Every structure is written in C-alpha cells, then in structure tokens.
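Hi everyone, thanks for coming. Please have a look at the structure on the screen, and then I'll walk you through it.

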Amino acid sequence: MTKKTLYALLAIFGMLLLSLPAFAGGGAGPPQGLKTGRFISVDATQGAATFMASGTKETVILRLANGISASDIPLNKKVMATIESGPSGDVLKECSRMFIALKTHKIVSLLIIGFIGGLLSGFIGSGGAFVLTPSMMSLGVPGAVAVASNMCHKFPKAMVGGYKRWKYGQADLKLGLVMAATAIIGVQIGIQIQKFILHNWGNAGSNLYVSLSFVFILIVVGGYVFWDASRLSRVGMDSKTTRLALALQKVNLPPMIHFKTAGLRLSFWVTVPIGLATGILAATIAVGGFVGVPGMIYMLGASAVVASATELIVAFIMGLWGSIQWGLSGLIDIRLTLLILAGSLFGVQLGALGTTYVKDYIIKVVMGTVMLIVAVSRGAMVPAYLADLGWMSLSARTASVLDAVSFWALVAALATAGLIIAVVMIKEMARARAEERSLALSEG
Amino acid sequence: MSHISNEKSVYPRNGSNRKKILLLTVRPFLKDAVTDYALNLAARLHHELLVLIVDTQWEGAPFEIDAAKTRRSILQKAKATGSECSLIVKQGDLGLAVEGVNRDEKRIEFAIVDETINSEAIKQIALPLFKVTSNPLTQNGGVVMNDERPSRKKKLIAATVCYGCLSAGLYAALFLNVETVMEYFTQGGIYAALPTGTALIFSFAHSAFASKTYSLLGIEAAKNKELRKAEQKFIEKKKHARKRNRPQLYVNPFHRI
C-alpha cells in the first residue's frame, strides 16, 4: 500500500467518523439526559416545575426528584437539567445554573490557572485539562460546562503550542496526524466503557472508575517516567531507545511510514495501540497525553521533546472535534474559555520556548512529578466514591479532610511543575546568553 | 589652510618599525566602544595602535589634562588586551598633525576616526580611513554593520502594541456585549460555529501579542545546537583567514597627493 493511499484512507475514515452524530472526539460529548433551558415556573405543593428547553417554545412539566426542592430551581435563568424519563413522566434529577457570575477573584483565578495550565501543556505536551476542569468546577462552574469550556480553549492552545514547536523543528506532523486518527477511535471505545459502567453502577461507579484509572495510570506511568528521568539526570547521559521500542521498530508490517522529525521508520500498526490508548484515556480522564507521550517515548522510540510536541497536534485535532460536539449542545461558556485562553496562550508559548533550552530528561522530570502528585490528588477521592457505592463507610470529617488533600495536592502539582520549569528555563537561558556573549567577544 | 604656529607634541616617541593603526579624534575623550574596537582590531591584525588627539581649537592646558586621563585609561586597556598602544597629543591643524605623525611614525596602514571628525575634516586626512560610530545597543561597541537594529526594535514595539490593542479590543467588544453573546453562543446547533470560531480568532490575535511581547522582552527560543556549532566553526575559520598583511581598504579620494 502506498503512503498516498494510506493517507487517503485515513482521511476518508476520519471524515466518516466525524459525520457520525454520536461521535465525540477529545473527550466524551454531553451526557444523555442533560438538557439546557429555562424554568418558567415552580409549584412547590405539587413538586413540579415547568421547563422550556433551549431552541424550542414548548414547555414540559417535570417532577422534582427526591432531594430537590422548589428553592433549588432558579427561575428564568439558563440552567442545565438532568432529566430522566420514567413511567410516571419526566423527572428532574439535577439542576444547576449554567453560567456563573464572574467576579474579580474568579477572573484573576482563571487567568492564573490558564497561564500555568498552558505552561505545562507547552512544556510536556499535555496536562492542562486535569487541572483546568477541576479548577473551574471549584469556582462553581457545573461539570459539563467546565468540560465544554475547557475543550473549546484546548484546541486553539494546542494549535498555537503545536505550531510553535513545529517551528522549532520538534513536532512531527505526520506522526501527530496518524496518532490522532486512531485516538479518535479510542475515544469512542472509552465512551462505550463509560456508558457501560454508568448504566450498571451509576454516577458513583463512574466516578470510582475514573479515579482508579487516574491513580493506576498516573502511578505506573508517572512512576516509570520519573524513575527514568532521575536515572538519566544522575548518570548524565542522553536517553537511550528502550528495548521494546527497538523491537517494535523492527516490525516490518506494511504500511511502513517514515516520520522525518522523529527520525523513525515504523509500521502503522505499531502506532495503533498508543493512539487507541490515548483516546480511551482522553474519554476517561480527559488527559490522553499521559499515555500518548510516554507511549511515543518508550514504545516508538521518539525523544521526549518530539513526543511532547507531537502530542499537541493530537490534542488539537481531538480538541477541535470535541469542541464542536459540546458547541452543538450549547454548553460552551465562551467567557470562561477566553479568560483561560488569555493566560494559557502566554503560558503555552513560554513552555514551548523553554523546551528549546532544556535537556530531554527535564521534560520527563516535570511530567513524572506532575503525574505522581496528581495521583495523590485523585487517590484521595477514592474513599469518597467507595463510600458512595456503599463499599466502605466514611465520616464527614474524614471526607472533608480527604477533599482538602485532593485540592491542595492539585495545587501542589501545578506549583511544582511551574517552579521546575521556571527555574530550569531561567538557568539555561542565562547560560545560553553567557555563551553567546563569549562567542560574540571571540568574534569581535 | 591655517598654519600651526605652535605645534607641539606631547609624549614624544621614537617611531618603531611595526605596522600601525591610527586612531584619530579632535576631542580629549574617546568613547569606550571606539577604543575597544580599535584595540581589538589592532590585536587581531598584530598592529600597534597609535592614538592621535588633535586640539584643533587650541584649548591648551585643560585639553592636555583631559587627554592625559584618556591616555591612562587607553594604556590600561591596551595592557589588559596585550596590545601595544601609544598616545600623541597635538595642537593645530588636523591635516598637518596627521601628516606629521605619518612622517615620524612610518608604516601607518590606515586611520580610524570617530564621530567627532566631520566630513570636511576628513578631506584633510591623507590616509586611508574608516569612520567608526558606536551604538550603545551593541555589546562590544563595534561598527554598526546593521543599521536596522534600532528600527527593528521600533517595529517590534509597534507590532506588540498593535496586537495588544487588537486583543484588548476583541476582549472588550465581547465582554461589553456579554448578554447578547451568551444568548447566541449557547443556542446550540448551527450556532456551535460561534464559540469555536471566536476561540480561533481570539487565539490568532492574542497569541501574536504574546509572541511579540516575549520577543520584546528578549525571551526567545534558543539557537539550534547544530547552528551554534556551525557558527563557532565559521568564526574559527574567519579568525585564521584574518591573518593577512593588509586589510581591504577604501581609499579616501580626498587625500592630498
């Protein structure tokens, strides 16, 4: 099969997938049963509310589920309502205001979070979403709106970061496109797994699955990445290609593709598992790069610089389609998106720039550190989900402590990553400037 | 042409047989950048540096005192660079002073003049010469080979301000009409193009602003390691090639024969 044929097939396959209305790339699309609209009136005595969905003039009467009172229903404000159809009619399970009021402290928080998230993305190729989405939710943004707004900011940020790193000669465009094609399929698989778990074990089961996936992936992969980076920094040598990567590079199954920037010649089928895993993880924990980047390094044999840069291309493609999906449901809060973009576009360029100064293993150090600290953050939430499922008991005080641990661990992950990147960049920039000055003097 | 009635030399010296470069000025002080350049040039060419300060205004003692300070600093620098350097102070006509030095010293290959000597005065100099200007922005005060540097910075500032205003304008336009924007952007369906398109447009403007801001602050990507190595090799090659006896000079058409 010629390369042109392969690319044409991939393009056609991609277009077919993109045309599927049920398709959602770069993270799950809006959950079923979630509707946006306004509540026109509430009847406290009857326990019912009149709801008008967005885009229609028709109203529907919803019964309020247990745990929802009339005072929880904001009238004539755009809301997100989780509605379940039952034998006795439609039941309102959950309701929250879609769009938060923006106060000064929230605006400043979003700018700072956006900058640090962008810095991380630009440097290690991924990791913005796991920080940004929970951070937005902690500001009172409903989950779906947080995911949607984050997705809408992710693809332009990835586009800018990916472009910068391609200009620096780090991003392999071909590898990114090939990985994105299979990642998109992986997302579909991830969504189906999520739906299966949600159907059988409900929200608590889904949350537990997400947290355990987080913890497992972050500890195993993050631990290995960190160990590898520490070893390289101690020994002071350049990273070597792993035996697994060398073995996979010998696989001669057509179609063979030459990835110029990565300096690799690989069978297309070798890239498939990594692409699929990236997509599944993106659909599960919204950060496909935590498998994609290490996968490219340790399974394909790409350098950390090329892997983290190429991941941005994958993130752009997945993010763009995910944004369209969320946009179709009207869940993107453009104000949040643009405020995060204001900070992240500065951060991502600085992070991308920083990669031109640092050694390969520093990227692994930052990635490993962030993953391990976030594993602590997510791990702290696991007991709460187990308690929700009734598999263990948890006192309110312990739950509160664990919640605080989770939050501060997330903050620590961001702060640590930001600090390492800043210190290393300043040091290396100063050294590069001193070298240039001595070069100029010796010329002059 | 006025004659020198009281031509005198300060710090008289015996002419040596080594090739020389003449650094010429009509002020008692020389800019560091110019002296550094001249000393480096002399060192590279293995020539002796002769500094000639001409008191064309007949200022007398104050001029000589200042020239003495200049002498001390130049000799210190010359010692540090390992170059041979000497300073002569003369009073009177510039052309005659240069002629006198040329006659006494012998083997002056060419002259370097600074900004204090204007084009009229240059006509009086009977030597091949270079005019050197110093630019505070260059690190070594060398010849401004690229006059575009100040204008390049101005262009960068202008671009940063433009993109900054564009970005600020877009944000202001959106947030001042936030109710209308949110009404349309959250309608779903075909309106999905609005938030995605807006994010793209904002990202073009704002990322350009961010990029220019970093360039203005001097925060730029490191040079490619291969490029740096290639630069170093090129510089080494140039250093070896510079060991020629006579530099390529522009002959002053106004020299008196």
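Predicted model: local features only at pLDDT ≥ 70, side-chain atom pairs only at ≥ 80, totals over all residues.

Residues are numbered from 1 along each chain as its sequence is written, and chains are lettered from A and ligands numbered from 1 in the order in which they are written.

The predictor's confidence in each residue, from 0 to 100, is called pLDDT. Chain B averages 77, with 73% of its residues scoring at least 70. Over residues 1-15 of chain B, though, pLDDT stays under 50, and over residues 136-148 of chain B it is below 50 too. For the complex, the predictor gives an ipTM of 0.77 and a pTM of 0.64.

Now, how many residues does each chain bring to the contact? Chain B gives 33 residues and chain A gives 39, where two residues are in contact if their C-beta atoms, placed from the backbone, lie within 7 Å. On the chain B side, the largest share, 12 residues, comes from H7(B); helices here are DSSP runs (H or I, at least four residues), as are strands (E, at least two), numbered from the N terminus.

Finally, chain A: this chain has 13 helices and seven strands. Among its contacts between residues at least 6 apart in sequence, 77% join residues at least 24 apart.
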